[in-house]
Amino acid sequence: MSKLHIRENGARRDGRLPVVLLHGWSCHGGFFERGMQDLQDETLLLAPDLPGHGKTGADVELTIEAAADALAALLEARGLEQVVLVGWSMGAHVAFSLIERHGTSRLAVLVVEDMTPKVLNDDDWSLGTKNGNNAIINLQLINTIETQWPLLAEAISRGILAEGLEPDPALLAFNRQEMLAAEPPLIAPMWTSLTAQDFRPLMSQIDIPVHLAHGARSPLYGRNVAEWQAERLADATIHDFPCSGHAPHMEEPAAFTDLLRSLSAVG
């Protein structure tokens, strides 16, 4: 039985695949609420709170690998197969880890929302975060998470949204409120685990279709990140969201919901 707290909408329906939504770092499953409401009459939607986040908290070990194992347990316990798995930011790394550790037998398709296979930049990798975060800078960032979270949360709440556009006030207020509620002693280890991951070798091994949702105004990743992955994946499609930053499902919810609607339709 999975120890993850689950947010659930809808029900299984003939002709529709179930959708599982994995949130980003310092967020929780409720960040997918709009899409879950829009699709609740069409299919089953599950949005777990990943370890260190939301109501799951410390009930699961605070690593990407433990999150993947808990997700595998959830899929098995619920008897879910042919799943449309959506990984936003950190959630994409949990999805990658699930595939690496448990395979794709329960999955139909993967959606990677504005994420790189390796967050930290180094001498041989420049497709991590645009701000140039590397192993040395990251140590300072982890200390900031632990000691100055309110200031950092304020910056991140705006910093994930589209560059060059005025943010939606309600969306910005939601981000700020929910991120400020995150607990630094729990999210700091998850950031440490997230930034230790390198899924570049996995790309060529993924044997299901992958849809790369790229925010064209993302402050974190350029389109070249999606292109790099697409070139190495067996079956990849890039979807550009022209008015989105790092969170297309929140910034262009109708378009993102349409993507999930099309992917969850059988045949």
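Start by selecting strand β3, residues 45-49: five of its five residues are buried, so the strand is largely enclosed by the rest of the structure. Buried here means under 20% relative accessible area, exposed means over 50%, and partly exposed is in between (1.4 Å probe, protein chains only). Helices (H or I, at least four residues) and strands (E, at least two) are DSSP runs, numbered from the N terminus.

The model is predicted: local features need pLDDT of at least 70 and side-chain atom pairs count only at pLDDT 80 or more, while totals for chains, interfaces and linings use all residues. Residues are numbered from 1 along each chain as its sequence is written, and side-chain values use heavy atoms, with hydrogens and water left out.

**Stop 1**

Colour the two faces of β3 separately. Leu45, Ala47 and Asp49 lie on one side, Leu46 and Pro48 on the other, and all are buried.

β1 pairs with β3 in the antiparallel sense over five bridges; two strands count as paired if DSSP finds at least two bridges between them. Pick Glu8 and look across to its bridge partner in β3, Leu46.

β2 and β3 run parallel and are joined by two bridges. Select Val20, whose bridge partner in β3 is Leu46.

Show helix α1, residues 33-39, as well. β2, α1 and β3 make a right-handed β-α-β unit. Right-handed means that, with the strands pointing away from the viewer, the path from the first strand over the helix to the second runs clockwise.

**Stop 2**

Select Leu22 to find Gly87 of β4 opposite.

Two loop residues come next. Gln82 lies in the loop between α2 (64-77) and β4. Its phi is near 50 degrees, a positive value in a residue other than glycine. Is Gln82 buried, exposed or partly exposed? At 42% relative accessibility, Gln82 counts as partly exposed.

Ser89 is in the loop between β4 and α3 (90-102). Ser89 is not a glycine either, yet has a positive phi of about 55 degrees. With a relative accessible area of 11%, Ser89 is buried.

**Stop 3: His246**

From Ser89, move to His246. The side chains of His246 and Ser89 make a polar contact at 2.8 Å. A polar contact is a pair of N or O atoms within 3.5 Å; within protein, one must be able to donate a hydrogen and the other to accept it, and residues adjacent in sequence count only if both atoms are side-chain atoms.

His246 sits in the loop between β7 (236-241) and α9 (248-251). His246 is buried, with a relative accessible area of 3%. Leaving aside neighbours within four places in sequence, the residues in contact with His246 (heavy atoms within 4.5 Å) include Trp88, Glu113, Asp114, Tyr221 and Glu251.

**Stop 4: helix α4**

Select helix α4, residues 135-147. This helix has 13 residues and reaches 19 Å from its first C-alpha to its last, close to the 18 Å expected at 1.5 Å a residue. The expected span is 1.5 Å times one less than the number of residues.

At the start of α4, find Asn134: one of its side-chain oxygens reaches to within 3.1 Å of the backbone nitrogen of Ile136.

Which residues of α4 are buried? They are Asn138, Ile142 and Ile145. They cover an arc of only 60 degrees around the axis, which puts them on the same side of α4; the arc is that of the directions from the helix axis to the C-beta atoms. On the other side, Ile136, Leu139, Gln140 and Thr147 are exposed. The cover over the buried residues includes α5 (149-159) and α7 (184-194).

End on Ile145, in α4. Ile145 counts as buried, at 0% relative accessibility. Not counting residues up to four places away in sequence, Ile145 touches Trp25, Leu152, Pro184, Ile187, Ala188 and Trp191. Pro185 is 40 residues from Ile145 in sequence, and the two are 8.6 Å apart in space, C-alpha to C-alpha.
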